[in-house]
Amino acid sequence: MNRFARLWRTSTVRLTAIFIVLFVIFSVLLLTFIAYESSIQIQQQQTAAIDREVNILKRLDVTQGDRATALAVQRLAALPGPGIYYLGNDSGLQIAGNVSDFPDFVMNDQGLFSFNYQRAGFDEDGTNSTQGFAVVRSVLLDSGLRLIVGRDVVERRGFTNIVLQGFVLAVAGILVFSLIAGAITARRVLKRIDVINATSAKIMSGNLSERIPVTKRNDEFDALAESLNAMLDRIEGLMQGLKEVTDNVAHDLKTPLTRLRTRVEAALREKGDATSQREALETTLSESDKLIRTFNALLMIARAEAGAPSGAFSEVDVSEVASDVAELYEPAAEEAGMSLHTDIAPAVHLRGNRELIGQALVNLVENALKYHEPTDANPGRIGVSVRRDRDRVLIEVTDNGPGIPVEDRARVIERFVRLEKSRTEPGSGLGLSLVAAVAKLHRGEFRIEDNAPGVRAVLDLPVTSAA
Amino acid sequence: MKILLIEDDREAATYLMQALDEAGHVTHHASDGETGQAMASSMDYDVLIVDRMLPRRDGLTIIESLRAEGNKTPVLILSALGEVDDRVTGLRAGGDDYLPKPYAFTELLARIEVLARRSSPSEAATSYAVGDLSLDRLSRKVERAGDAILLQPREFRLLEYLMKNAGKVVTRTMLLENVWDYHFDPQTNVIDVHMSRLRSKIDKGHASPLLHTIRGAGYMIRE
């Protein structure tokens with residue numbers, strides 16, 4: 001019963017039920033129309049037949065006389081079938097015919113009548129009289145005789161019955177078949193949905209790697225399963241990312257936090273003078289600033305990777321951003337004994353986040369500045385270039401520094417990865433991860449290539465990056 | 001300066017009030033949005049410092065209703081939400097400046113002093129002068145003791161911003177935001193290099209320097 005109730009609640013079964021009801025209503029209307037129309041047709045045909053016979057008998061009476069007419073009526077009356085015949089004189093005495101008992105209005109008037117009557121002689125034994133329904137035309141012949149010709153409409157009734165029976169049968173058939181079809185479809189649908197439900201239950205209970213099976217039928221359920229699976233992949237990826245972030249935050253924030261704590265503790269323990277305490281406080285402050293910076297960078301990466309609301313996306317003039325950054329860093333580069341060159345194509349636009357693209361560029365330029373120790377023999381040279389290649393915008397920052405070994409190129413983009421050589425440099429180890437996250441947010445790509453010597457960092461973004 | 005601080009974190013508020021007091025400002029405090037709004041509309045303050053997330057009425061709503069009343073008191077929004085989008089929403093609501101938490105007190109102080117309506121020359125001023133240094137915003141000419149100084153466009157904007165806020169500390173972040181229009185956080189001393197270039201152009205060869213470095217805070221131009 002519960003099973004039935006569940007089946008009943010499925011939309012398929014409900015749709016089938018609605019369909020059946022509509023179909024039945026439509027069938028009733030159609031069949032009623034047909035029955036009504038055909039009954040009128042039959043009635044007209046019968047009336048026409050009656051009128052024809054009346055006319056023949058009238059003419060017979062005029063040409064051949066009452067006797068011949070009576071004989072004809074008698075003969076017609078004797079034929080088996082629904083015919084009703086009566087011929088009588090004006091005093092109401094029957095001369096010929098098979099029915100004698102007519103209502104008064106038929107006997108006294110002329111015209112077409114229909115009425116109930118007691119039928120006799122149709123039954124085998126002739127004794128049983130049954131209720132009949134008759135349509136008759138009553139006329140007075142020129143000779144003064146009354147002629148009544150009509151039909152027992154049991155035939156017509158029969159036809160209506162046949163239509164009605166057919167209708168009931170058809171509706172019953174439709175009901176049975178559509179219920180069966182509906183139930184089968186619903187069960188199949190239920191089965192598929194049960195699979196999806198079971199999978200999502202497993203996922204909700206914690207197994208994020210579970211996926212909805214996709215059949216080879218390639219139907220709408222498979223399409224649904226595929227899109228749900230894609231969504232699950234994305235969610236799993238995000239969860240993974242989140243876990244990584246948490247792990248990294250735990251690791252890389254705890255280390256400096258511990259350092260901070262130790263320093264404060266040491267300062268408290270030492271009974272140093274005001275100056276050394278002040279110094280300790282100042283280091284603490286700068287350490288905590290560094291922490292905040294790391295934390296901000298992590299948040300920014302997380303937001304960019306999560307696909308921040310593209311509401312912040314607008315038309316960005318990449319050329320302008322790159323020129324701004326180059327202009328901002330040019331004095332700093334010069335101070336560090338390097339030169340900064342630009343090769344920026346004018347008015348290169350894309351849809352994106354101006355601040356994030358700017359930050360990515362800043363990170364790349366700062367990296368180029370940071371990891372290069374120029375000598376007289378090898379003066380540092382940083383290049384910033386922007387160009388458009390069909391529907392891509394290529395932003396490149398190049399240097400001629402020590403470069404990054406091929407095997408490390410993928411790794412440096414990961415969070416907190418800092419190559420051994422650079423451990424001593426200040427920085428959170430998040431710079432390139434942020435660049436990669438910005439590239440991803442703009443549906444683009446971040447590559448590290450060889451500038452022989454040095455690094456060629458390429459931010460390859462599509463022009464219309466808004467999803 | 002008379003300041004209203006609307007902040008629900010009592011500890012942070014106490015510390016901030018004390019520090020503002022030491023800097024010579026009178027500070028009133030409201031710890032929830034409703035009280036804060038009532039105080040802001042009934043009394044005349046020079047600057048409002050409004051936390052964005054407050055009990056009973058959030059900061060942006062307060063600012064919006066104050067602006068709707070025609071109250072033009074400068075507002076500095078404090079917020080734990082530091083993203084660019086949040087900044088834009090804050091400024092759009094009628095805030096005049098936006099400072100993400102955690103912040104350095106020097107940064108906050110510099111910002112409210114620049115914001116305060118009493119002390120700033122009007123935005124429409126066409127020229128600024130500090131000592132024997134003058135800057136004409138229309139002809140874009142800069143002169144020191146009668147000698148013309150040639151500045152790059154960005155250097156001109158730097159000096160313009162400093163002179164507009166003459167006598168007040170401007171922080172590196174403020175310079176980056178107002179002169180370059182970026183809100184990110186450079187790790188190296190880029191701003192300092194620009195400042196030293198500017199300094200060499202306006203102060204070199206003059207007995208009294210005008211451009212001063214304020215240790216731990218930023219820069220200031222004054223006689």
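Tutor: Let us begin with strands and their pairing: helices (H or I, at least four residues) and strands (E, at least two) are DSSP runs, numbered from the N terminus, and two strands pair if DSSP finds at least two bridges between them. Keep in mind that this is a predicted model, in which local features need pLDDT of at least 70, side-chain atom pairs count only at pLDDT 80 or more, and totals for chains, interfaces and linings use all residues. Residues are numbered from 1 along each chain as its sequence is written, while chains are lettered from A and ligands numbered from 1 in the order in which they are written.

Student: In what order do the strands of the open sheet in chain B lie?

Tutor: The order of this three-stranded open sheet is E10-E12-E11, with antiparallel pairing. Its edge strands are E10 (170-171) and E11 (211-214) of chain B, each of which pairs on one side only. Between E11(B) and strand E12 (residues 218-221) of chain B there are four bridges, and B:Leu211 stands opposite B:Ile221 in E12(B).

Student: Which strands form a hairpin in chain A?

Tutor: Strands E1 (residues 83-88) and E2 (residues 94-97) of chain A pair in the antiparallel sense over three bridges, and they form a hairpin with five residues between them. In the turn, A:Gly92 has a positive phi of about 90 degrees, and A:Leu87 stands opposite A:Ala96 in E2(A).

Student: How many residues does the largest nonpolar core have?

Tutor: A nonpolar core is a set of buried Ala, Val, Leu, Ile, Met, Phe, Trp, Tyr and Cys residues joined through C-beta atoms within 7 Å, where a residue is buried if 20 or more other C-beta atoms lie within 10 Å of its own, exposed if 12 or fewer, and partly exposed in between, with C-beta atoms placed from the backbone. The largest one here has 105 residues, and those with the most contacts inside it include A:Val318 and B:Ile49. A second, separate core of 22 residues includes A:Ile50 and A:Tyr85.

Student: What is the mean pLDDT of chain A?

Tutor: The term pLDDT stands for the predictor's confidence in each residue, from 0 to 100. For chain A the mean is 79, and 86% of its residues reach 70 or more. Among the elements of chain A, helix H1 (residues 2-9) has the lowest mean pLDDT (69) and strand E10 (residues 392-398) the highest (90).
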